[in-house]
Amino acid sequence: MSRIGVFVCWCGENIARTVDVEKVVNSVAELPGVRCAQHYKYMCSDPGQAMIREKIAAEKLDGVVVASCSPHMHLKTFRRTVAAAGLNPYLLEMANIREHCSWVHHDRDQATAKAIDLIRLAVAKTRYDRKLDPIRVPVTRRALVIGGGVAGIQAALDIADSGYEVVLVEREPSIGGKMAGLSETFPTLDCSQCILTPRMVEAGQHPRIRLYTYSEVESVDGFIGNFKVGIRQKARYVDMSKCTGCGECSKVCPLKRNLSEFDYGMGMRPAIYMPFPQAVPARPVIDKKVCAKIIRNGCGLCEKKCAPGAIDFKDTDKMVEEQVGAIVVATGYKLYSIGREQPSGKLHGYGEYGYGKYKDVIDSLQFERLVSASGPTNGELKRPSDGKIPQKVVFISCVGSRDNAKGMPYCSKICCMYTAKHTMLYKHKVHSGEAHVFYMDIRAGGKGYDEFVRRAIEQDGAKYYRGRVSKVTEENGKLIVRGADTLAGIPVTIEADLVVLAAAMRPADGVAELAQKLNVGYDEHGFLLESHPKLRPVETNAAGVFVCGACQAPKDIPEAVAQASAAASKVAVTFAASELTREPEIAHINEQTCAACFACVRTCPYHAVEKAEIRARNGTLIKYTARVNPGLCMGCGTCVAVCPSKSADIEGFSEEEIYSMVEALA
Amino acid sequence: MNLGYYPGCALHGSSNDYEQSLRACLGALGVTLSEIDDWICCGATSAHSLNHKLAIALPARNLALAHRQGLAEMFAPCPMCSMQLLRAGQAMASDTRLRQEISTIVEADVDGGTSVLNLIQVFQRIGLDKLKAAVKTPLKDLKPACYYGCLLVRPPTVVNFDDAEQPQSMEAIVGAVGAKPVEWSYKTECCGAGMTMAKTETVLELSGRILGNAVAHGANCLVVACPMCHVNLDMKQRETGEFLHTKFDLPVYYLSDMVGMALGLGAAELGIDRHFVVGGKN
């Protein structure tokens, strides 16, 4: 017979107002297996916990039920309490008589009866509880950071500076991400490259950071502390060890008119190119889709010109494998693709703005390149069609954001700020110019942000219209922008020279596939899911995988950097212990009865069940069986549900325990 | 090909030149039009600004008649009519209770299964290859600005036809019969429509923009597939010019005129001789 102690909490008035705790205690004390029952005003307080500890010792309890709030609230507290009294913490059960009872019921008699029932269930389960020990897994103290934008760089540097090795993977030829292409940043107007490139160089030269650029994560196996990552290094056709980064190859390349990805098509680059002069690594890459040598064995001028002989036209993709203990995802964003061609049928685009039809209708990242000192026009704002300096520029915000009909329902958060910045940058370059902004609301929450927008309007004279633009058309070389000023209640027509569309932020391409490899959830828009929006903002539901930057939600640079440092600190926490402990409430397979149908292997959402062999000492095969990898199992119980031979079970939630609860209710 | 035919009020009244053009052109292509017996007004702009149920019941009765007369497809050459018919069909398809209620009101079982076609879709159904093959006199001198107006492509969720902002389907048809359509900016702007009665100046301003932009992009004629647009752009063209202190001389053809001319039909057969702007007077 068990010796179970039941401790009923009043939670001040929260429980005691609706549940007659006195009656509950008297009633449950009679249950079979219950040695003693007590109530107290605040069981989680020090005296309350002391009472539990004293009773465990005095009554030699072998199981404890605390009837109080949700286990989310205080399970850890009470496990520590019973552990301090020498009892295995997994011999504690909680009955939730607050959220599940007193808070949701009015009738005192019925609530009291329900509380008694809930405790009866917990007592029944406690009788079958077994002692469990936390699972210990070893840790590889190396981290993988996916994405080399500002968030990835920050995370990599922070982890490396904490003394751990980092593998930084970037799919473009250089790290730097979107930020490297920005002109100046709000709200201080400091030059984006000036603040980012030192960090890029630092990451490139850090003794504990191994950089893989022009590479992509192809596969991820394993679990927290023990990930095995397959990385594809795309053929660069340049031997990074021989190349000195002199740039002679780009100068001789005759195929100079390819749209530059880094300039978002606003400028041109040769077939062999470095995306931008401050690229890290400062090594070129050959675009195999245009290079004449690779396509039809022509040209080859760069190979002849290259003194160190670094050009290798026979280069192929290489696969490398890295062992890491934690992963930070920082894959960033892309812009909503405006116009006729849409990647998904759901997004109907904004044909009315003429993006892709009129050369002088550009998106905000293209505008950044046109005003950037490192841009195709060397920072002089010339419009794409004829190179003239635009005298009137219209900025349209919320293109694709906050639009359930044609775009995304969410706010992209940064557009109000960068549009205000764009008007300033424009006015600083073209003093006589007019900047007109069409907006829905101005959302400028942040340190110095609203002041910044006011400055754009009041000091730099940007004209703001609260309203949408219905159509952009072209007449006599002017873009006719027709919109509404809903505050004045009048239609507005502006003959503009340039139109800039603040397109919505969307997660970068391929992030859903990556999330599937990592077993990380993502929302309907493709943004990665954190495990708790407030209290676990950089963790994911996959242990050991962390997120930061715009792959999680639209955010600006300061936020992305802060989140990156948070993710880095979580990695450092993971690495602080020599081995990791995990909750032992996971699945296990009875290998004696397992029929090796492997239904569990196929259904496990975490790939935690593996096929295994049982062999005799002399090596002969006895049988196949399924086996749970304790490092991966999340204890969801899917395998228990599908197992036809009832060989799978969850520790701490065994079928025996669950059925005993059901029986107690009957 | 036999199609149910819903002319709508305009084609039996002010725009009977459009009906003449349609019957001549489609007849030459072997399409017979079976006019829905006892059809009524689709409700146009009036019904849906006054009473939601009326706006569904009026087109619903026409759909029910088509179904009763065994016509699975109904050609509605006026974009307002076709949009109202589509909208009513969709409203009933998504709401069983509404469908039952409307069936009671119109005293006919509204099946909602009749599909509705506009003029462009009829030509698409015939097939561009067949059109090309039937051309006798290619319209190689014509540089039309194809004008869709508001309702051929909108609301996109209702008509579900072509791109609402950058449509190309009419260009493909006039291209197939040898014309060289121009790319221009106003193909889906509003002509002012029914405001022509209530507030003529609004129409003159809006139609003036359309005419002006077409000319600026090198068009020598306009092509429409809407009776209302034709009224505003053709009949009102001289007045528009006077209002804007300029002079337009831009013939406005129905899409069926274009195809008909290429098939070798004459102006009198197609009703083009009854248009106001003849062209070539400047």
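Modeller: Let us start with helix H14 of chain A, residues 511-518, whose buried residues are A:Val511, A:Leu514, A:Ala515 and A:Leu518. Buried means that 20 or more other C-beta atoms lie within 10 Å of a residue's own, exposed means 12 or fewer, and partly exposed is in between, with C-beta atoms placed from the backbone. These four residues are on the same side of H14(A), because they cover an arc of only 100° around the axis (the arc is that of the directions from the helix axis to the C-beta atoms). An α-helix has 3.6 residues a turn, so residues three or four places apart point the same way. On the other side of H14(A), A:Ala512, A:Glu513 and A:Gln516 are exposed.

A word on what you are looking at: this is a predicted model, in which local features need pLDDT of at least 70 and side-chain atom pairs count only at pLDDT 80 or more, while totals for chains, interfaces and linings use all residues. Residues are numbered from 1 along each chain as its sequence is written, and chains are lettered from A and ligands numbered from 1 in the order in which they are written. Helices (H or I, at least four residues) and strands (E, at least two) are DSSP runs, numbered from the N terminus.

What lies over the buried side? The cover of the buried residues of H14(A) includes strands S11 (215-223), S18 (326-329), S28 (505-507) and S29 (545-547) of chain A. Just after the helix comes A:Asn519, which takes a positive phi of about 60°.

Strand S11 of chain A deserves a stop of its own, for A:Ser219 is found there. A:Ser219 counts as exposed because it has 12 C-beta neighbours inside 10 Å. Leaving aside neighbours within four places in sequence, A:Ser219 is in contact with A:Gly230 and A:Lys517; contact means that the two C-beta atoms, placed from the backbone, lie within 7 Å. A:Val229 is 10 residues away from A:Ser219 along the chain, yet their C-alpha atoms are separated by 5.7 Å.

Now let us step back to the whole of chain A. It holds 18 helices and 34 strands, and its C-alpha trace spans about 90 × 75 × 40 Å along its principal axes. Of its 666 residues, 46% count as buried. Among contacts between residues at least 6 apart in sequence, 70% join residues at least 24 apart. The chain is divided into domain 1 (4-127), domain 2 (335-506) and domain 3 (587-650), with bounds that come from an automatic or database domain assignment. The C-alpha centres of domain 1 and domain 2 of chain A lie 61 Å apart.

Elsewhere in chain A, two helices pack together. Helix H12 (residues 415-429) and helix H13 (residues 449-458) meet at an angle of about 35°, with their axes 9 Å apart. Here axes are lines fitted to C-alpha atoms, for helices over the stretch in contact, and angles run from 0 to 180 degrees between N-to-C directions. H12(A) contributes A:Cys416, A:Met417, A:Ala420, A:Thr423 and A:Met424 to this contact, and H13(A) contributes A:Tyr449, A:Phe452, A:Val453 and A:Ala456. By class, that makes eight nonpolar, one polar and no charged residues. Ala, Val, Leu, Ile, Met, Phe, Trp, Tyr, Cys and Pro count as nonpolar, Asp, Glu, Lys and Arg as charged, and the others, Gly among them, as polar.

Leading up to H12 of chain A is a loop from strand S21 (392-399), and A:Arg402 has its place in that loop. With 17 C-beta neighbours inside 10 Å, A:Arg402 counts as partly exposed. Not counting residues up to four places away in sequence, A:Arg402 touches A:Pro409, A:Cys411 and A:Met440. The C-alpha atoms of A:Arg402 and A:Ser412, 10 residues apart along the chain, are separated by 8.1 Å.

Finally, chain A has a partner: the contact takes nine residues from chain B and nine residues from chain A. On the side of chain B, those residues divide into four nonpolar, three polar and two charged.
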